[in-house]
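Dear colleague,

Please find below the structure that I am handing over to you. My findings follow it.

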Amino acid sequence: MCSVEQKLDLLVIAAHPDDAEIAMGGTILATIASGARVGIVDLTRGELSSRGTPELRAEETARATEMLGVHWRSCLGFADGSVRDDDPSREALVEVMRQTRPRVVLAPWKDDLHPDHAGAGLLAYRSLYLGGVRLYPSGTGSHLQHRASALGYYMCHTPFEPGVIVDVSEYWNRKMEVVNCYRSQFYDPSHQGVPTKISQPGFMAAVEGRARELGTRAGVELGEAIVWQDPPAVANPVDLVVGKGLSSNREEDTMGGDR
Ligand SMILES: [Zn+2]
């Protein structure tokens, strides 16, 4: 889990442990099921969290990582609450990108409500570009330049107009099992704790509600949204789409149009 022997297809960047699972858990599971290699880099340990200790959070992350089945996961140990696009952070993230050499990178939306998420998105954008600049310094300098083909952003708190919706219907139950590994962060009637945005009783229903709304827009049951920094190239437009569309065998239906 700690070393990268083979490069990754997808690298998911998260500000806090649990961001990747809550926002992109279904996408990660679906991508792994397709045979691709997926990794996660957490920028912080979530040590500012109002609920749960860092030790408990580390145990929860380890369990979630195992259940997800990702090929690699690491934590850069940045200061929780202070994730920002500065030179030391860029050099550390460039080193991760050069080491793991992903084709696609996903990061939190750059305009998210939480400053750490917004900071992580901007940091991902800058680092991805600089990773491809040969003389930009990083780590030991032993890894060659690398720039992923596509950078997408995922939805944490603040919604955006999606560029693509990933059909995660088949992976939803598993995703929620993984998310529930982070028990200390969520509503627990037997443990009051400090209330947070995600410890409200309705949070899980809100996560599912958003996925149902996104899925409905794309003609599937449950979806997760990505918006692209720049439009990625696709081999052809048909294989990009999983929905079969609406069709009928009854002739009068085909004449009547959409009612
Ligand atoms: Zn977060």
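**Findings**

Of the contacts in the chain with a separation of 6 or more, 79% are between residues 24 or more positions apart; two residues are in contact if their C-beta atoms, placed from the backbone, lie within 7 Å. Please note that this is a predicted model, in which local features need pLDDT of at least 70, side-chain atom pairs count only at pLDDT 80 or more, and totals for chains, interfaces and linings use all residues. Residues are numbered from 1 along each chain as its sequence is written.

The chain has seven helices and seven strands, where helices (H or I, at least four residues) and strands (E, at least two) are DSSP runs, numbered from the N terminus. Of its 259 residues, 41% count as buried. A residue is buried if 20 or more other C-beta atoms lie within 10 Å of its own, exposed if 12 or fewer, and partly exposed in between, with C-beta atoms placed from the backbone.

Helix α5 (residues 172-179) has Trp172, Lys175, Val178 and Val179 buried. These buried residues line one face of the helix, because they fall within an arc of 120° seen down the axis of α5 (the arc is that of the directions from the helix axis to the C-beta atoms). They pack against α1 (19-33) and α2 (54-68).

Two residues deserve a remark on their backbone. Asp18, not a glycine, has a positive phi of about 105° and sits in the loop between β1 (10-14) and α1. Asp18 counts as buried, with 25 C-beta neighbours inside 10 Å. Arg101, also a residue other than glycine, has a positive phi near 50°; its place is the loop between α3 (87-100) and β4 (104-108). With 19 C-beta neighbours inside 10 Å, Arg101 counts as partly exposed.

With kind regards
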